[in-house]
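Please walk me through this protein.

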Amino acid sequence: MSMAELDSDDEVLDNNWTIFRGSPSLSGYTDRELPANPKLQWCFQNNVRTVASPIIYEGVAFTCDRKGVIRGIDEGGQQCFEYNLDTPVEASFIIRDSVIYVGRIDGFVTAISLRTQKQLWSYETEGQISASPNIIEKEGKSRIFVGSYDSNMYTFDAANGQKISQFESDYYINGATALWKDYMVFGGCDSWLRVIHTQSGEASDSLQLKEYVPASPAIMGDYAYVSDYSGNIYELHLENGKIKDHRMLLEVGKDDENGGSISIPAVDRNAIYILTGDRYVACLDRADGHERWRKMLKGDVGESSPMVCRDKLLVCTKDGHVSIHSTKDGTELWHYEVGEQIISSPAVLENGFYILTSRGKLFYFK
């Protein structure tokens with residue numbers, strides 16, 4: 001496929017997964033169905049360290065390795081696109097209207113056209129960018145927002161890279177920000193969870209957590225769920241730009257077997273799913289916070305965040321185990337060992353999914 005043919009902005013097509021975690025809310029939920037018995041279709045091997053999660057646009061899987069090389073792999077497992085940023089990248093990127101938006105370790109946010117393979121704009125912050133950008137569309141215009149290690153959350157005009165707003169927090173921003181209505185919700189290394197208006201860049205509310213927030217919130221409806229570094233899980237009820245109320249769904253003690261996790265919770269209508277302790281996946285009831293079930297995984301948990309796909313949960317461990325579980329009781333329905341560390345999160349299509357290892361191997365199951 002020629003990159004000139006990538007011209008659709010239909011985000012609901014089965015062959016698109018254009019943003020980290022599948023949606024701007026970062027909920028980790030998709031209505032797409034996983035195959036009943038997934039089979040490996042192909043594996044593309046790059047052999048360069050990769051942290052960013054794969055992104056799918058018009059059936060092409062895009063990856064960006066630690067050296068800053070963006071590659072496109074077609075549906076047959078063959079490379080069809082390459083663009084070299086010539087600088088390290090760890091953050092997952094997004095694609096909208098045939099444009100890639102990527103944050104770089106050298107502090108730049110860059111927009112690249114897939115059609116022309118040329119840079120459209122670039123903005124330099126004063127710190128590294130380790131988190132995926134996010135996007136909001138309103139009144140026919142798109143805005144990109146992303147956090148930096150210079151402690152600022154930036155909002156840009158997606159068309160030209162003009163800075164719209166800038167909010168200064170008290171320390172590094174490491175995780176991606178989640179979108180809730182016209183607000184961004186994010187945590188930082190200063191232990192504060194903040195609600196910021198996407199247009200003005202002004203804070204509308206904030207909450208100090210027990211520990212710093214290494215990852216991102218997951219939002220479902222008017223509720224945000226976030227984990228701090230110790231593994232405490234918080235629920236925040238959002239209303240009119242404010243934190244109406246909040247509670248701790250799971251509190252971790254010093255000797256608690258839950259332990260910490262730096263992955264993002266996954267949320268559906270009734271439950272949240274977390275990786276906890278050394279090697280557990282657990283399901284918490286959203287109504288009262290009780291633990292519905294807990295299952296031991298075949299490998300240690302890591303940074304990869306689980307995905308809820310209707311009534312199934314897709315989980316990756318840091319030492320290369322990929323498994324599918326029933327959301328009802330946690331029963332393992334399928335398992336595959338890729339043999340390498342997994343840091344990134346899965347990309348899910350209808351009846352198929354992609355897994356990317358930290359050594360640059362991209363697996364496609366269907």
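How do the residues of the lining of the second largest cavity divide into nonpolar, polar and charged? There are four nonpolar, four polar and one charged. Keep in mind that this is a predicted model.

Start with that cavity. Its volume is about 40 Å³. The second largest cavity is lined by Phe44, Asn46, Thr50, Thr63, Cys64, Asp65, Leu356, Gly360 and Leu362. In total, the structure has two cavities of 30 Å³ or more.

Now turn to the largest pocket. Its volume is about 480 Å³. The lining of this pocket counts 25 residues. Phe20, Val51, Ser130, Asn174 and Glu303 lie nearest its centre. By class, the pocket lining holds 11 nonpolar, 11 polar and three charged residues.

Go back to Cys64, one of the residues that line the second largest cavity. Cys64 is buried because its relative accessibility is 0%, under the 20% limit. Cys309 is in no disulfide either. The nearest cysteine sulfur to Cys309 belongs to Cys316, at 11 Å. A disulfide needs two cysteine sulfur atoms within 2.5 Å. Cys309 is also buried, with a relative accessible area of 1%.

Next come the charged pairs. Side chains of opposite charge can pair when their charged atoms come close. The whole structure has 19 salt bridges. One of them joins Asp31 to Arg310, with the closest N and O atoms 3.7 Å apart. Asp31 sits in the loop between strand 1 (29-30) and strand 2 (40-45). Arg310 sits in the loop between strand 27 (307-309) and strand 28 (312-316). The two residues are 279 residues apart in sequence, so their pairing ties together separate parts of the chain. Both ends are partly exposed: Asp31 has a relative accessible area of 48%, and Arg310 stands at 37%.

A second salt bridge connects the side chains of Arg104 and Asp106, at 2.7 Å from N to O. Here the two ends fall into separate classes. Arg104 counts as buried, at 9% relative accessibility, whereas Asp106 is partly exposed, at 32%.

Glu340 lies in the loop between strand 30 (332-337) and strand 31 (347-349). Arg359 lies in the loop between strand 32 (352-356) and strand 33 (361-365). This pair links distant parts of the chain, 19 residues apart. Glu340 is buried, with a relative accessible area of 7%. Elsewhere, salt bridges that share partners join Asp31, Glu33 and Arg310 into one network.

Finish with a sheet. Strands of a sheet pair through backbone hydrogen bonds, either parallel or antiparallel. Strand 23 is joined to strand 24 (residues 271-276) by two bridges. Look there for Ala266, which stands opposite Tyr273 in strand 24.

How values were computed. Residues are numbered from 1 along each chain as its sequence is written. This is a predicted model: local features need pLDDT of at least 70, side-chain atom pairs count only at pLDDT 80 or more; totals for chains, interfaces and linings use all residues. Side-chain values use heavy atoms; hydrogens and water are left out. Two strands pair if DSSP finds at least two bridges between them. Helices (H or I, at least four residues) and strands (E, at least two) are DSSP runs, numbered from the N terminus. Buried means under 20% relative accessible area, exposed over 50%, partly exposed in between (1.4 Å probe, protein chains only). On a 1 Å grid over the protein atoms alone, a cavity is a set of points where a 1.4 Å probe fits but cannot get out, and a pocket is an open set with protein on both sides within 12 Å along at least five of seven lines; lining residues have an atom within 4 Å of a point. Grid points are joined across faces, edges and corners, and a volume is the space filled by probe spheres set on the points. Ala, Val, Leu, Ile, Met, Phe, Trp, Tyr, Cys and Pro count as nonpolar, Asp, Glu, Lys and Arg as charged, and the others, Gly among them, as polar. A salt bridge is a side-chain nitrogen of Lys or Arg within 4 Å of a carboxyl oxygen of Asp or Glu.
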